[in-house]
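Thanks, everyone, for making the time this morning.

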Amino acid sequence: MSTNPLLANWDTPYQFPPFDQIAAEHFVPAFDALFAAHHLKVKAIASLTESGSTALWMSRVNTGIPIYALTQEVRTRYKVSIFKGVFPLMLPQSGHDRDR
């Protein structure tokens, strides 16, 4: 099973997605959530994100559902603020480190 490059942090120039590694099936999780939310008539979608990629792909479909991109990354907050229908929210650092 391969990992989804859209959900990974990108170490590419200008943080562009690694287009050569992206396949059609990598978009499925974002669109599944978007279409389910539309059919269930939810009021908003919350997207936990480090890079902003999921919010970007969901913003490309005009459903009228606001998308809240929750992130701890200041750079991501600025990036997603220009996506249509996406509202960035800063998550506070909780102080817990699961890797310790």
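Predicted model: local features only at pLDDT ≥ 70, side-chain atom pairs only at ≥ 80, totals over all residues.

Read from the N terminus on, the elements run α-β-α-β-α-β. The protein chain has 100 residues, of which 32% are buried, and its accessible surface comes to about 7300 Å², with 57% of that belonging to carbon and sulfur atoms. If we take the contacts with a separation of 6 or more, 37% of them are between residues 24 or more positions apart.

Let me turn now to α1, which covers residues 28-39. This helix has 12 residues and reaches 16 Å from its first C-alpha to its last, which is close to the 16 Å expected at 1.5 Å a residue. Which residues of α1 are buried? They are A30, L34 and A37, and because the buried residues fall within an arc of 65 degrees when seen down the axis of α1, they line one face of the helix. Their cover includes β1, at 45-48, and α2, at 53-59. After α1 comes K41, whose phi is positive, near 55 degrees.

Finally, in the segment before α1 we find N4. Is N4 buried or exposed? Its relative accessibility is 15%, and since buried means under 20%, N4 counts as buried. The C-alpha atoms of N4 and Q21 are separated by 8.8 Å, with the two residues 17 residues apart along the chain.

Notes
Residues numbered from 1 in each chain as written. Heavy atoms only, no water. Helix = DSSP H or I, 4+ residues; strand = E, 2+ residues; numbered from the N terminus. Expected span 1.5 Å × (residues − 1). Buried < 20%, exposed > 50% of the residue type's maximum accessible area, 1.4 Å probe, protein only. Arc of directions from axis to C-beta. Contact = heavy atoms within 4.5 Å. Areas by Shrake-Rupley, 256 points an atom, 1.4 Å probe, with all protein chains shown as cover.
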